[in-house]
Amino acid sequence: MPTDRSPSASSSPTARCGATSSPPQVAKVAETLDEFRGRYRYNLMDANIRGMYADVPVISQWDDHETHNNWYPGQVLDDARYTQEKRVDVLATRARQAFFDFMPIADRHGRGLPDLGRAPQMYRTVERGSHLDVFCLDMRTYRHANTPGLETHRTAFLGTRQVEWLLDSLQRSRATWKVVAADMPIGIIVPDGKNIEAIANGEQGTPLGRELELAYLLSEIKRRKIRNVVWLTADVHYCAAHYYDPARARFTDFDGFYEFVAGPISAGAFGPGTMDATFGPQVLFQGVPRYQNQSPRDQKAMFFGYVEIDRAGTFSVSLRNGLGETVWSKDLQPAPC
């Protein structure tokens, strides 16, 4: 899942973890391709990051902080720190190239995107045996501009092509569990000033704007009888467990499902966020800091998720703090496919 070691944020040029100096590319916000690449080199100066990459297989996704906070296609930045380039589309193209340079992803679709060159698509299926397929989403590239989210027509968040890919891929999957790895949450309201950064718009009513895209996706999963879909999401800097219950929802044409939210692993902790009732989320657990923007030095305010699937197909999920202590857990039994 994505982290918040942001290529878009400026950093002071101090040494880390035995390194003698920081690369010059991190002394300011990233604008050039070399500066975006420098952010990844900077992270690799950390012995702990290198150790994790050596020991743990990583399925990489990008979020806003690979480019600029809360960015969307077509945006022009009003940010004085950017003196060379303010067009987000240009910055995102460079950020995307740097991401693929340091987070190699095979082109599982067999083709590139004409509008993005020959780079692989970010969204893809990662197969992990008979019990698990992971469907990695791209919630950044195809989205409509951030607005208050009150459009009466369906506006893009994943985009039509990605939504249809996800539905077809879920339907074709023969894995027991179908995990949707999403970089943003479903029912948590994530503001962007007066606009909405994620899906939920806070109206607590029938779907509008981006919610209409999600409503279509969820209703199609139900119509196609796709079972055992679980969402793993991030972005909001605290951990939570949610169950989306159509009996509690304003929009009811979907099967109930779980969402597990985890993060951050090394950034200021916030939360909890406000929930939107449109899809009937039941908050089962929230792990939050003692105060907003609590330092990652307190590992009890850092969170990650852990999932283990046994041979019988039991999906055991736990939310853990930075010390590895379990703060919440649940075992899910698969429904017959």
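Visitor: What should I know before I start?

Guide: Residues are numbered from 1 along each chain as its sequence is written. The model is predicted, so local features need pLDDT of at least 70 and side-chain atom pairs count only at pLDDT 80 or more, while totals for chains, interfaces and linings use all residues; side-chain values use heavy atoms, leaving out hydrogens and water.

Visitor: How many disulfides does a search of the whole structure find?

Guide: A disulfide is a covalent bond between the sulfur atoms of two cysteines. The criterion here is a pair of cysteine sulfur atoms within 2.5 Å, and the search of the whole structure finds 0.

Visitor: Is C136 buried or exposed?

Guide: Buried means under 20% relative accessible area, exposed over 50%, and partly exposed in between (1.4 Å probe, protein chains only). C136 is buried because its relative accessibility is 0%. C239 is also buried, at 0%.

Visitor: Where is F257 found, and which residues does F257 touch?

Guide: Strands are DSSP runs (E, at least two residues), numbered from the N terminus. F257 is in strand β8, residues 257-261, and counts as buried because its relative accessibility is 5%. Contact means heavy atoms within 4.5 Å. Not counting residues up to four places away in sequence, F257 touches I186, L218, V229, W231, H242, Y243 and Y244.

Visitor: How many bridges join β10 to β11?

Guide: Two strands pair if DSSP finds at least two bridges between them. Here 7 bridges join β10 (residues 303-309) to β11 (residues 315-321), and the strands run antiparallel. F303 has N321 in β11 as its bridge partner. The two strands form a hairpin with 5 residues between them, and G313 in the turn has a positive phi of about 95°.

Key
Helices (H or I, at least four residues) and strands (E, at least two) are DSSP runs, numbered from the N terminus.
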